[in-house]
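User: Please take a close look at the helix packing in this one. I'd also like to know what else to keep in mind while viewing it.

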Amino acid sequence: MSETRGRFTFRGFSLSMHTMMKPMSQSPLNIFRTAAEWRRFRGTLAPGQPIAFVPTMGALHEGHGSLVKLAGEIVGRGGHVCTSIFVNPTQFGPGEDFARYPRPFAADVELLAQWDAQSLFAPEREEMYPHSGPAVTVDPGSHGEVLEGAVRPGHFRGVCTVVAKLLHIIAPTHLLLGQKDFQQQFILRKMIADLDMPVQVITAPTLREADGLAMSSRNRYLSADERPKAAAIYAALSQAAADIRAGGTSAEAVAGQLRKAITAAGLRVDYATAYDPTTLAPYTQEIADPCVLLAAARLGSTRLIDNVIVQFEPARFAAENQPSPPSPAPPPPGPTNPPMK
Ligand code: AMP
């Protein structure tokens with residue numbers, strides 16, 4: 001597919017920016033570049049129609065696909081699935097990969113059509129931030145200062161601010177987020193609860209490659225040499241989860257083992273640790289139930305993150321937050337809204 005000003009050529013057809021016919025489907029993928037365009041369209045949807053929203057930064061993979069498909073299942077035939085692609089500059093720090101972040105827009109549009117998304121909001125930077133950057137931003141609170149926030153100062157302020165803007169624009173009934181970015185979904189749930197945003201959050205399981213590597217847009221940075229090594233993160237997390245279930249609950253020992261295993265594979269660890277997934281507080285002594293093991297590590301110039309929930313009693317934490325087995329098959333939808341203290 002190629003793009004010219006305002007029109008796309010897709011599988012031999014030239015189509016307006018607003019309507020991309022899905023292959024083998026009657027319903028269009030509507031593409032909106034401005035909030036005003038989307039709002040005009042939203043006004044034509046039936047009142048009370050459920051709208052499930054899947055925000056992304058593009059460079060889509062089957063992990064994104066599982067969220068889009070789950071969104072379709074949640075809203076059903078009478079509902080609407082809206083996605084967004086926006087590489088949000090305010091969540092990248094200086095020296096991070098904003099400039100080189102992949103932007104394969106035409107391929108993304110084709111995937112969204114295949115996954116039966118109905119709308120795509122894909123604004124330019126100027127549409128979201130017409131005056132360079134926002135003067136008023138959303139403070140993620142103390143949860144934004146640990147883990148990813150400690151390594152990437154300002155990251156969660158950028159994430160919260162852009163997602164708040166997107167929620168105001170799209171006004172969905174449901175928001176789908178991935179467990180892959182555990183801290184992100186935790187903080188966004190807090191933002192939505194604390195600021196009384198009227199949207200239901202669903203956290204979907206992490207889709208993985210056959211060797212367990214969590215699917216990520218950044219995996220395409222990995223060289224052929226690096227790619228097999230990247231599986232060490234999930235292997236280490238899975239081994240640590242098994243050790244905890246077998247009674248090895250010393251937080252220090254678990255963190256040490258995680259770090260050792262990931263480092264041995266040739267990665268540089270940013271953090272590898274055990275937290276309480278309901279409070280996002282670290283376990284410092286004995287790990288209790290439930291627990292989320294989180295790790296971030298660098299391989300060459302690529303930074304990878306992953307996490308695994310460890311449960312002692314299956315009923316205590318919502319099923320969608322269980323670690324999914326290393327399989328590319330999309331997992332079944334789980335119940336919504338895990339407990340949060
Ligand atoms: P991103 O485009 O990386 O900002 O991700 C958009 C959404 O997709 C976020 O809610 C992510 O947590 C989610 N996501 C990313 N990777 C995966 C994956 N491997 N499995 C399921 N969801 C994912």
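Analyst: Two residues are in contact here if their C-beta atoms, placed from the backbone, lie within 7 Å. Keep in mind that you're viewing a predicted model, where local features need pLDDT of at least 70, side-chain atom pairs count only at 80 or more, and totals for chains, interfaces and linings use all residues. Numbering starts from 1 along each chain, as its sequence is written.

Start with helix H9, residues 232–245, and helix H10, residues 251–264. (Helices are DSSP runs of H or I with at least four residues, strands are E runs of at least two, and both are numbered from the N terminus.) The axes of H9 and H10 come within 9 Å and cross at roughly 150°; axes are lines fitted to C-alpha atoms, for helices over the stretch in contact, and angles between N-to-C directions run from 0 to 180 degrees. H9 and H10 are therefore roughly antiparallel to each other, since angles over 145 degrees get that label, with under 35 roughly parallel, 65 to 115 roughly perpendicular and the rest oblique.

So which residues in H9 and H10 meet? On the H9 side look for Ala-232, Ile-233, Ala-236, Gln-239, Ala-240, Asp-243 and Ile-244, and facing them in H10 are Val-254, Gln-257, Leu-258, Ala-261 and Ile-262. By class, the contact of H9 with H10 has nine nonpolar, two polar and one charged residues. (Nonpolar covers Ala, Val, Leu, Ile, Met, Phe, Trp, Tyr, Cys and Pro; charged covers Asp, Glu, Lys and Arg; the others, Gly among them, are polar.)

From H6, the residues Phe-156, Val-159, Cys-160, Val-163 and Ala-164 meet Gln-184, Ile-187, Leu-188 and Met-191 of H7. That contact of H6 with H7 has eight nonpolar residues, one polar and no charged ones.

A couple of loops deserve a stop too. Leu-147 is in the loop between helix H4 (125–128) and helix H5 (148–151), and its phi is near 50°, a positive value in a residue that isn't glycine. Further along, Pro-290 is in the loop between strand E12 (281–282) and strand E13 (291–299). The peptide bond leading from Asp-289 into Pro-290 is cis, with omega near 0°. As background, most residues other than glycine have a negative phi, and most peptide bonds are trans.

Finally, confidence. The chain has a mean pLDDT of 88, with 84% of its residues at 70 or more; pLDDT is the predictor's confidence in each residue, from 0 to 100. Over residues 1–23 pLDDT stays under 50, and the model has 44 contacts beyond four places in sequence for them. Residues 319–339 also stay under 50, with 48 such contacts.
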